[in-house]
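Visitor: Please take me through the loops here. I would like a close look at the residues in them, and at what comes just after.

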Amino acid sequence: MNRQISMLSEYIMVRKLKRYLILIGALLAFQQVLAQHDSPVNPKKEDEESVSTILNINNKDGIFNSVASFTFDVKNTYDTQQEGTVSYLITDEKGVKVKALSKPVKIERKSTEHYSFEIPALKTGFYKLNMMINVSDYDDTTRRAFGIRADEIKSAYPKPADFDSFWANAKAELAKVKPQFKVTEDPSQNTDNRRVFLIEMKSLDNLTIRGWMTVPKNNNKNKQFSVLLGLPGYQVSLQPIVGRDDDLVIITLNTRGQGNSRDVIHTERDAFISYNIEDRDKYVMRGVIMDCVRAVDFIYSRKELRHDQILATGGSMGGYLAIALAALDKRITICSAQNPILSDVHNLVGTVEWPIKDIRKYVAGRPGVNFDQVLHNMEYYDTKNFATDIKCPILLGLGLLDPYVPPGNGFAVYNSLNTDKKVMVFKDLGHEVSQKYKDYEGAWMRDTFGLF
């Protein structure tokens, strides 16, 4: 009997591992098309003779409680000594100088020098670090970021008092629109193990939105599947996602103005984020977010889908939409958001170019439209304000070098969450997450849904 139990346990573990690997493949495929990417500068390839450097923040997440520290290694493969300076410049996230240092250095021929630095007495927040080397045969700047007591970061801008009623009204408007769900199989995209369906539905303002649903082939007509709802990155056209998993339906939604849902709203790429932004009741993101709620209505209309096992996931704008949806629709079971845009919007001013530059451009072309009023409207669309209403478990991914979601803004969102939460920080990445995040997300979903 003990041997039988042991064999059964081993079988379950092997099956569970296989399913993890299958789901990870599906999630990886989805993540590759979700978001814009901005990776840090690639390390230089070494020639036969060269100078190369490695800058390391001395914490795996790049976040310190008090004293920040980092190291800078310089390798000289030249047959001559290198002389010059090693310098650093530390600024806050808006570029204001906090601390700087420059020291003369001599790196002997074919040798490596190791430099260590400590920065005490910094205030709570995130800082940019520019590490510079200027020696006989080499000049370069390496950029990194680090944080101090990130768990203490709070937004300076309050949530509007009528935020919840504003979105309750939007949902009430959506409820008056008959969804007219339509599902059409696309045999040309079917695989050996999955059927692919075009899905269509009416959303807010009676606009038709579309997406894709891929369903495992199964002879059991009563089978119910857990659901991965993938939400789109900014101006990304989501396509069907097919994986080898046999217990998961994958829905990829193209909200209005995206992919195959561009019938009515078909702006240029740069103009989408500002579309009707001067009117909080007509701003494009109001409809986009309601499109996501309508997608959950679709899931609930299908008897083959588990209504109690829905993962909302996305990166960049998709991460933003996942958070907004989880806040407004309690039917979402778990939420995964990577690098969510529009986080602590007021604090983006003076910190990032996008989307502030495009919003200013829009305002400049419309007499009577005031930038400050636009920022006030954006308070109803701020990620951090949605975060306070989330009740389901959530996973958040942030890159410290993100040019669109500064880490301080990301933590303003994370610290606004009042639910079961986890953040994964990638100190050397920009507007992206690593495979580690995708592996964790897949295992977390399967554990939560009991998919073994």
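Predicted model: local features only at pLDDT ≥ 70, side-chain atom pairs only at ≥ 80, totals over all residues.

Guide: Start with Arg149. Arg149 sits in the loop between β8 (138-148) and α2 (163-175). Residues are numbered from 1 along each chain as its sequence is written, and side-chain values use heavy atoms, with hydrogens and water left out.

Arg149 is not a glycine, yet its phi is positive, about 45 degrees. Its relative accessible area is 21%, so Arg149 is partly exposed. The scale runs as follows: buried is under 20% relative accessible area, exposed is over 50%, and partly exposed is in between, with a 1.4 Å probe and protein chains only.

Now move to Ser316. Its loop runs between β14 (305-315) and α4 (317-328). Ser316 also is not a glycine, and its phi is positive at about 65 degrees. Its relative accessibility is 1%, so Ser316 counts as buried.

Ser316 leads on to His431. Their side chains are joined by a polar contact of 2.7 Å. Such a contact is a pair of N or O atoms within 3.5 Å; within protein, one must be able to donate a hydrogen and the other to accept it, and residues adjacent in sequence count only if both atoms are side-chain atoms. Asp402 has a side-chain polar contact with His431 too, at 2.8 Å. His431 lies in the loop between β17 (421-426) and α9 (435-449). With a relative accessible area of 0%, His431 is buried.

At the start of the helix, a side-chain oxygen of Ser434 comes to within 3.1 Å of the backbone nitrogen of Lys436. Buried residues in α9 include Tyr437, Trp444 and Phe449. Just after α9 comes Gly450, with a positive phi of about 70 degrees.

One more loop remains. Pro355 lies between β15 (334-338) and α5 (356-364). The peptide bond joining Trp354 and Pro355 is cis, with omega about 5 degrees.

Terms used. Helix = DSSP H or I, 4+ residues; strand = E, 2+ residues; numbered from the N terminus.
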